[in-house]
Amino acid sequence: MRSGRLAAIGAAVLVSAACAAPGGVAGISTLPPAPPMQDVAATGAATGTPDALPSPDVSPTGEGGTEIDAATLKPTPSASPGSPGDVRPPRGDDPVRVPPPRLSRFTYVFPVRGCRVSYARKQLVLPKTTIWAGKGCSYVSPVGGVVHEVSTTDRWRPATDHGTDREGRFVSVLGDDGVRYFGGHLDTVEAGVRPGTRVAAGQVLGRVGDSGDARGQGANLYFSVSWATASRYWWVRRGMVDPWTYLDAWLHGNPTLSPAEQVAAARARLGATPACRTLCASKPVKKKPTPVPTQTADPDSVTTG
């Protein structure tokens, strides 16, 4: 009876051992092999679980085990600036300069060459601008065309202030784009520049000065944009559209920006010869009084001896 009970207990122990561990040959492990070190690190990084990385305190597992070397661990980037752990992007190449798009078939230049300039960018009285520059600076044709009007004499007088003389010495060019470009207050007009002369963009037309009603106010160029008219419509050449948008483009932006479309629209709206409405009248001429003969004595009172 006792031997049967011992046999039953032994059988139960064998069944428990069989369920607790996988079977195999003695001395040979039946557990799955451990993943390589780099696979463990990648898995831990992908899952965001730092526990996936083995602990640096793990000791060798015996013969055939792997020991963790601190040199193989990636250093933690330092948050302090200037430390060796900072990540710095490589220096990039210089930007590639792309030419501006061509907006018209004409190429323009700024009307003053070889000098530092400044100019107003808002309308004060007339749609024109004053380009301040040193006396003697070159006034050049903004675009290729034909000389339209020339005044080599300063006829302006403060006593009369005739509108047609206010810009003193001047040269206007009828550009190949159909626009008239006017430059006044010149000190001199370049030799050979006369009506009908063919000029190229950038060709010198005269020198900046202070003629006309700019006398004593500093050298500057009166610059305006309009369309061609006869000289008796002198107020049209003083300017019909604001020019500073185009001056900005020719100086620093796009040399092919053309005022032709805006000038054509203004002419269609106002007419080819609109009436003068601003600064039109000259000063009235004061006539000298006609002398009236005076009689110093009554002829009837004259006596003769």
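**Links between side chains**

Mentor: Let's start with one cysteine: Cys115 has a relative accessibility of 32%, so it counts as partly exposed. On this scale, buried means under 20% relative accessible area, exposed means over 50%, and partly exposed is in between, using a 1.4 Å probe and protein chains only. Before going on, please keep in mind that this is a predicted model, where local features need pLDDT of at least 70, side-chain atom pairs count only at pLDDT 80 or more, and totals for chains, interfaces and linings use all residues. Residues are numbered from 1 along each chain as its sequence is written, and side-chain values use heavy atoms, with hydrogens and water left out.

The partner of Cys115 is Cys137, and the two form a disulfide with their sulfur atoms 2.1 Å apart; the term stands for a pair of cysteine sulfur atoms within 2.5 Å. Cys115 belongs to the loop between strand E1 (112–113) and strand E2 (118–119). Cys137 belongs to the loop between strand E3 (129–132) and strand E4 (138–140), so this bond ties together parts that are 22 residues apart in sequence. The element names come from DSSP runs numbered from the N terminus, with at least four residues for helices (H or I) and at least two for strands (E). The torsion about the S-S bond of Cys115 and Cys137 is -100 degrees, which makes the link left-handed. While Cys115 is partly exposed, Cys137 has a relative accessibility of 6% and therefore counts as buried.

The structure holds 2 disulfides. The other pair to look at is Cys276 and Cys280, joined with an S to S distance of 2.0 Å. This link is left-handed too, with -100 degrees about its S-S bond. Cys276 comes out at 22% relative accessibility, so it counts as partly exposed, and Cys280 at 28% is also partly exposed. If you number the bonded cysteines of the protein in sequence order, the pairing reads 1-2, 3-4. One backbone detail goes with this part of the chain: Leu279 has a positive phi of about 50 degrees although it is not a glycine. Leu279 is found in the segment after helix H5 (260–270).

Now for the charged links. Side chains of opposite charge can pair when their charged atoms come close. The structure holds 8 salt bridges, each being a side-chain nitrogen of Lys or Arg within 4 Å of a carboxyl oxygen of Asp or Glu. One of them joins Lys135 and Asp187, whose closest N and O atoms are 3.8 Å apart. Lys135 lies in the loop between E3 and E4, and Asp187 in strand E7 (residues 180–189), so this pair ties together parts that are 52 residues apart in sequence. Lys135 is exposed, with a relative accessible area of 57%, whereas Asp187 is partly exposed at 28%.

Asp161 and Arg166 make another salt bridge, with a closest N to O distance of 3.0 Å. Here Asp161 is buried at 16% relative accessibility, and Arg166 is buried at 6%. Asp161 lies in the loop between strand E5 (145–151) and strand E6 (169–175). Asp161 has a backbone feature as well: its phi is positive, about 50 degrees, although it is not a glycine.

A further salt bridge connects Arg198 with Asp176, the closest N and O atoms being 2.6 Å apart. Arg198 sits in strand E8 (residues 198–199) and Asp176 in the loop between E6 and E7, so this contact ties together parts that are 22 residues apart in sequence. At 51% relative accessible area, Arg198 is exposed, while Asp176, at 37%, counts as partly exposed.

For a tour on screen, begin with the disulfide of Cys115 and Cys137, go on to the one of Cys276 and Cys280, and then visit the salt bridges, including Lys135 with Asp187, Asp161 with Arg166 and Arg198 with Asp176.
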